[in-house]
Amino acid sequence: MLEAVREAGGFTCVQSPESAKFDPMPNAAIATEAVNAVEVPEHLGHTMIEGLLLPLVLRGSPIESDHGNAKNKIVDAVVGLSTIRACDYKHSTFERRVCRRMMDLRIDNLTDYADRVSNDGAEAQRLSQKLLIDVTKFFGDTAPYEVIQGQIIPQIM
């Protein structure tokens with residue numbers, strides 16, 4: 001469920017396992033890697049508001065407009081970390097994935113994020129991975145293939 005919320009552009013928060021009376025549920029949620037923030041209960045409300053407002057802030061300042069240098073800095077940081085060339089990225093995909101990483105890190109300024117990516121190899125690697133389409137997840141789900149094989153192909157034949 002968290003993955004679906006995240007993929008739809010939603011923001012997800014989980015109580016920190018250390019602050020929970022029983023930690024299996026927050027640990028399971030965190031293990032999905034679909035959680036934007038992990039907080040103690042006292043901070044969850046503020047974090048949710050930040051998470052809901054930050055996309056509006058980011059949408060108000062599209063990456064393509066006045067941020068050419070920051071965008072180039074980000075592209076330079078991720079080039080060579082995957083088999084995809086920078087020119088292969090669709091602008092809209094690039095913008096969505098960068099905005100998602102900025103949301104995850106609670107960074108509301110593209111220049112600040114560009115500095116982070118260029119100075120933090122781990123973040124550059126994370127962004128590079130986010131820019132790739134998760135084909136293994138798509139092809140690893142056998143249910144659609146079973147439907148195609150069992151229901152659609154027989155109707156076509």
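The model is a predicted one, so local features are reported where pLDDT is at least 70 and side-chain atom pairs where pLDDT is 80 or more, while totals for chains, interfaces and linings use all residues. Residues are numbered from 1 along each chain as its sequence is written, and side-chain values use heavy atoms, with hydrogens and water left out.

To start with the overall layout, the chain has 9 helices and 2 strands. Helices (H or I, at least four residues) and strands (E, at least two) are DSSP runs, numbered from the N terminus. Read from the N terminus on, the order of elements is α-β-α-β-α-α-α-α-α-α-α. The chain exposes about 10,200 Å², and carbon and sulfur atoms supply 58% of that; accessible areas come from the Shrake-Rupley method with a 1.4 Å probe, and for residues only the protein chains shown count as cover. Of the 157 residues, 31% count as buried. Here, buried means under 20% relative accessible area, exposed means over 50%, and partly exposed is in between (1.4 Å probe, protein chains only). As for contacts (heavy atoms within 4.5 Å), take those between residues at least 6 apart in sequence: 62% of them join residues at least 24 apart.

Leaving aside residues up to four places away in sequence, Cys-13 touches Val-35, Ala-37, Leu-44, Thr-47 and Met-48. The C-alpha atoms of Cys-13 and Glu-39 are separated by 7.3 Å, with the two residues 26 apart along the chain.

Side chains of opposite charge can pair when their charged atoms come close. A salt bridge is counted when a side-chain nitrogen of Lys or Arg is within 4 Å of a carboxyl oxygen of Asp or Glu, and by this rule the count comes to 6. In one of them, the side chains of Arg-106 and Glu-39 meet at 3.1 Å, N to O. This pair links distant parts of the chain, 67 residues apart: Arg-106 sits in the loop between helix 5 (91–105) and helix 6 (110–119), and Glu-39 in strand 2 (residues 37–39). Arg-106 is partly exposed, at 35% relative accessibility, whereas Glu-39 is buried, at 15%.

Glu-123 lies in helix 7 (residues 121–131) and Arg-101 in helix 5, so the pair ties together parts that are 22 residues apart in sequence. Both Glu-123 and Arg-101 are buried, and for Glu-123 the relative accessible area is 0%. Glu-123 also forms a salt bridge with Arg-126 (3.1 Å, N to O). These two both lie in helix 7, 3 residues apart, about one turn of the helix. Arg-126 is partly exposed, at 39%. Put together with Asp-104, the residues Arg-101, Glu-123 and Arg-126 are linked in a network of salt bridges.

Last comes the surface. Val-147, Ile-148, Ile-152, Ile-153 and Ile-156 form a nonpolar patch there, with about 420 Å² of accessible area together. Patches are made of residues with over 30% relative accessible area and no salt bridge; like charges are joined within 9 Å, and nonpolar side chains (Val, Leu, Ile, Met, Phe, Trp, Tyr) within 5 Å.
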